[in-house]
Amino acid sequence: MSKSAAKKIQAIRGMNDLLPSDSPRWQFFEANVRQLMHRYGFEEIRTPIVEQTALFARSIGEVTDIVEKEMYTFDDRNGDSLTLRPEGTASCVRAAMEHGLLHNQTQRLWYQGPMFRHERPQKGRYRQFHQVGVETYGFEGPDIDAEVILLSARLWRELGLLDHVTLELNSLGSLEARTAYRDKLVAYFEQHHDVLDEDSKRRLTSNPLRILDSKNPAMADMLNAAPQLMDHLDDASREHFEQLKAMLDAAGIEYVINPRLVRGLDYYCRTVFEWTTTALGSQGTVCAGGRYDGLVEQLGGKPTPAVGFAMGIERLVLLLETLNLVPEAALGGCDVYLLPMDDSATVTALTLAEQLRSELPALRLQLHCGGGSFKSRMKKADKSAAPIAVLIGEDELAENSVTLKFLREEREQQRVAQADLAAMLRELVAH
Ligand code: ATP
Ligand code: MG
């Protein structure tokens, strides 16, 4: 083999392996999410990772960061333009329409999985990242807006995150109100043309609302003084927003109104919200969503009110880790390391391990495999982090017993009959 052929192939920049040392935190988060969705009566939907490019171009909007510069788009072998999904909402709407889920019925759906965006990788920002999202269809009133916000708030509360996140809220109003506001905004920006950066100048005609979203400090004063969408809402949207706020107040959910919160995607109307944290540096948004009543129709379906959000799992797991909020029990390894002291005890150990797993379904037991000297076997027991080693040697074989060795506390080892072992472990390992 030539030298270059032997060069190790590495993962793609911004696409991470999730190693065994990380996965308990992810599993802890995912288990909480799954349980929560179940409790709120949301049903899971899974859609393909690849869709036709047109789906995203038509839903997310041509003049957005995602469609302009972040999509992984390629021609497949038939010459069809396909895209790795950059977000979940468009796919969800496509699937719901395709399978008639929106016809004369309401839906509360959730999903989770990888998303792909060609961004500059940094802490909390990757090219393959993972989201959990919810999407609801067929509900017009602000009660569902409140319900999805309460669902997210409960997740934070139950994970111990509620004190570390802030809910930012805004209303974008109806499409008509936004169009009228847009003209005012463009007129204002034109008066301040000299302050606009290149990106903003480009957006002035295509997507002026997005300029409000800019984090360029040189434009901050000008943006803060810009006319506010909140002052130009249509009456119905204003009423919708007032009701939503009253519901959140009644539920004891705190929020701040952020008039510059317009969200990066074109399809939002009325309610938009973000949960942000200051504990992660600049990638501070952990969950973002809102109402998108126009999207189903825009994709060829009947007008259907819709509300949803997506949260970034990497950022949330990082937050849990930073704040040390993953319980020890969720991180722990196994309870028991069962080891034959030499190869003559292998079969007995194997069958005993299976018996214990039948009798104690919650027990986490690792069986020593792979032989080795007694010393190396004990080293592996130690490395397993199990508090208890169960040993079977010549003597134990002869009398159908085992020896319990306590690896993490000062305690005499103990000989126990194999028949009594399950009962003994049930007491020693309290779960
Ligand atoms: P940002 O302003 O941080 O780029 P966004 O508005 O592009 O976020 P959304 O499309 O609303 O993000 O996605 C919802 C959530 O998914 C974000 O709040 C964030 O937690 C997460 N997310 C988005 N892009 C990435 C990424 N490249 N890497 C990791 N997480 C991401
Ligand atoms: Mg982005």
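Trainee: How far does the backbone nitrogen of Ala-306 lie from a polar atom of the side chain of Asp-293?

Mentor: First, this is a predicted model, where local features need pLDDT of at least 70, side-chain atom pairs count only at pLDDT 80 or more, and totals for chains, interfaces and linings use all residues. Residues are numbered from 1 along each chain as its sequence is written, chains are lettered from A and ligands numbered from 1 in the order in which they are written, and side-chain values use heavy atoms, with hydrogens and water left out. Asp-293 lies in the loop between S10 and H10; helices (H or I, at least four residues) and strands (E, at least two) are DSSP runs numbered from the N terminus. From a polar atom of the Asp-293 side chain to the backbone nitrogen of Ala-306 the distance is 3.0 Å.

Trainee: Which residue meets the side chain of Asp-293 in a salt bridge?

Mentor: A salt bridge is a side-chain nitrogen of Lys or Arg within 4 Å of a carboxyl oxygen of Asp or Glu. Side chains of opposite charge can pair when their charged atoms come close. For Asp-293 the N to O distance is 2.9 Å, and the partner is Arg-291.

Trainee: Is Asp-293 buried or exposed?

Mentor: Buried means under 20% relative accessible area, exposed over 50%, and partly exposed in between (1.4 Å probe, protein chains only). The relative accessibility of Asp-293 is 19%. Asp-293 and Arg-291 are both in one class, which is buried.

Trainee: How many salt bridges does a search of the whole structure find?

Mentor: One of them joins Arg-377 and Asp-343, at 2.8 Å from N to O. This pair links distant parts of the chain, with Arg-377 in helix H14 (residues 374–383) and Asp-343 in the loop between strand S12 (336–340) and helix H13 (346–359), 34 residues apart. Arg-377 is buried at 2% relative accessibility, whereas Asp-343 is exposed at 53%. For the whole structure, the number of salt bridges is 26.

Trainee: How many residues apart in sequence are the parts that Glu-68 and Arg-203 tie together?

Mentor: Glu-68 and Arg-203 form a salt bridge, with their closest N and O atoms 4.0 Å apart. Glu-68 lies in helix H3 (residues 65–70) and Arg-203 in helix H7 (residues 198–206), so the parts they tie together are apart in sequence by 135 residues.

Trainee: What is the angle between the planes of Tyr-137 and Tyr-292?

Mentor: Rings of Phe, Tyr and Trp (its six-membered ring) pair if their centres lie within 6.5 Å; planes under 30 degrees apart count as stacked, over 60 as edge-to-face and the rest as tilted. By this rule there are four aromatic pairs. Tyr-137 and Tyr-292 form one that is edge-to-face, with 6.2 Å centre to centre and an angle between the planes of 85 degrees.

Trainee: Where does Tyr-292 lie?

Mentor: Tyr-137 is buried, with a relative accessible area of 0%, and Tyr-292 is buried at 1%. Tyr-137 lies in strand S6 (residues 128–137), so the pair ties together parts 155 residues apart in sequence, Tyr-292 being in the loop between strand S10 (285–291) and helix H10 (295–298).

Trainee: Which residue has a polar backbone atom 2.9 Å from a nitrogen atom of ligand 1?

Mentor: A polar contact is a pair of N or O atoms within 3.5 Å; within protein, one must be able to donate a hydrogen and the other to accept it, and residues adjacent in sequence count only if both atoms are side-chain atoms. An oxygen atom of ligand 1 is 3.2 Å from an N or O atom in the side chain of Arg-315. The backbone atom 2.9 Å from a nitrogen atom of ligand 1 belongs to Tyr-126.

Trainee: What is the phi of Asn-324?

Mentor: Most residues other than glycine have a negative phi, and most peptide bonds are trans. Asn-324 is in the loop between helix H11 (313–322) and helix H12 (328–331), and is exposed at 67% relative accessibility. Although Asn-324 is not a glycine, its phi is positive, at about 60 degrees.
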